[in-house]
Amino acid sequence: MWTVEALSSLSDEQIQLWAKLLERKTGIQLGEIRLSHLQTQVALRMKELQLSDPDEYFHKVGQDYQEWLAVMDRLLVKETQFFRHRESIDLVKREIFNRINARSLNDSFDAWSLGCSTGEEAYSLAAAIYDGFRLSEGNSYFSVTGTDISYSALNQARKAIYPESRLVQLSEQEKGRYFNLEQHSGQFLVKPEIAQRVNFIRGNICELDAMPKLPMDVIFCQNLLVYFRRWRRRDILKQLIDWLKPNGILIIGVGEIVGWQHKRIKALPVNGVQAYQLR
Ligand SMILES: C[S@@+](CC[C@H](N)C(=O)[O-])C[C@H]1O[C@@H](n2cnc3c(N)ncnc32)[C@H](O)[C@@H]1O
C-alpha cells in the first residue's frame, strides 16, 4: 500500500535547505513546524507532480514562484478562530469607549490584523469596533485591514463565510449580532455592515517596507511572531511603531516577546493582554 513515508524522506542536508528557504522567505523557523509535517507535505506535493527526486523538486521550487507559493501554503500554520483571545479584543472595544467618552475619536478608527489567516481575527476586530461605535452618536467611520502571506487564506477570508466550529468563543447573542445564518449551508455569513469595513491585502511581515504606510489606531499581531527568531520579533515590532497614530495601540499575543522596550512606546498595564501604546 502507498504511504507518504515510503514515497520520500528528506535527508538532513535537504531538511537544512528547506529550513533555510522557509526562514529566508517567511521568517518562520522550521523547528516550530513539525518536521514530519514538512516531510509529509513535500512528499505529497512531489507525488502530485509525479516527481521522485527531492533535489529535483527543491530545484523546481527555487525556479518556479507558483510552485513555491503552493508548497509554502501547505507548510504554514493557519489555525485561527473568532475572538480567539477575547481579552485583547475587549481592550480594543474599551479603547473605543474611552475615546468616545473623551471625545477624542479621530475622523476614522483604523485597525490592522497582521497574519490574519482566513479572516476571523480581522472580522472579530471589526465586530468589536462596530459594537463600540453603536454607542457613539458621532462620526463612526472605521476600517480593518487584514494582511497575510497566504493567498489561499486571503481568498477564504474575502468570502466572509464560516462554519460554526470557528465561532465557538461567541455567545448566541454575539452570533446573532455579527452573522446571518445561511439556511441551506448551515454556515455563518459576516453581516454586511461589518464585512464591508474589512479589506484584505497580501503582505509579508518580513517585508514591511513594501506595505502601504496607513496610520493605524490598533495593530493586532497574534500567533505569528512566535514562529520567528527573537531578533526578528524585536525588529518587526520596532518597525510597526511607525504605523501607529498618536495614542495608537500595538497588541501582540501574550508572551510572544519578553522584556521588549522602546522609547517611543509604553507597555499598557492590562491583565492578560500584552499591549503597547505610542507615547
Ligand atoms: C497561526 S495563524 C494566526 C492567525 C491569527 N492571527 C490568530 O491569532 O488567530 C498565523 C498566520 O500567519 C501567516 N504568516 C506566516 N508567515 C507570515 C509572514 N511572513 N507574513 C505574513 N503572514 C504570515 C500564516 O499564513 C497564518 O495565516
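**A charged patch and the aromatic pairs**

Colleague: Which residues form the negative surface patch?
Modeller: In this predicted model, the negative surface patch consists of Asp 12, Glu 13, Asp 53, Asp 55 and Glu 56.

Colleague: Which elements give two or more residues to that patch?
Modeller: Those elements are α2 (12-26) and α4 (54-63).

Colleague: Where is Glu 56 found?
Modeller: Glu 56 belongs to helix α4. With a relative accessible area of 43%, Glu 56 is partly exposed.

Colleague: Changing topic, how many aromatic pairs does the structure hold?
Modeller: The structure holds 12 aromatic pairs. One of them joins Trp 18 and Phe 58 in an edge-to-face arrangement, at 5.3 Å centre to centre and 75° between the planes.

Colleague: Why does that pair tie together parts that are 40 residues apart in sequence?
Modeller: Because Trp 18 lies in helix α2 and Phe 58 lies in helix α4.

Colleague: Is Trp 18 buried or exposed?
Modeller: Trp 18 is buried, with a relative accessible area of 3%. Phe 58 is partly exposed at 21%, because buried means under 20% relative accessible area.

Colleague: What about Phe 82 and Phe 179?
Modeller: Phe 82 and Phe 179 form an edge-to-face pair, 5.1 Å centre to centre with 85° between the planes. Phe 82 sits in the loop between α5 (65-75) and α6 (86-101), and Phe 179 in strand β4 (residues 179-181), so the pair links distant parts of the chain, 97 residues apart. Phe 82 is buried at 2% relative accessible area, and Phe 179 is buried at 4%.

Colleague: Which residues do ring pairs link into a cluster?
Modeller: The cluster contains Phe 82, Tyr 123, Tyr 162, Phe 179, Phe 188 and Phe 200.

Technical notes: Residues numbered from 1 in each chain as written. Predicted model: local features only at pLDDT ≥ 70, side-chain atom pairs only at ≥ 80, totals over all residues. Heavy atoms only, no water. Patch = residues over 30% accessible without salt bridge, like charges linked within 9 Å, V, L, I, M, F, W, Y side chains within 5 Å. Areas by Shrake-Rupley, 256 points an atom, 1.4 Å probe, with all protein chains shown as cover. Salt bridge = Lys/Arg side-chain N within 4 Å of Asp/Glu carboxyl O. Lys, Arg positive; Asp, Glu negative; His and termini not counted. Charge placed at Lys NZ, Arg CZ, Asp CG, Glu CD. Helix = DSSP H or I, 4+ residues; strand = E, 2+ residues; numbered from the N terminus. Buried < 20%, exposed > 50% of the residue type's maximum accessible area, 1.4 Å probe, protein only. Phe/Tyr/Trp six-rings, centres within 6.5 Å; stacked < 30°, edge-to-face > 60°.
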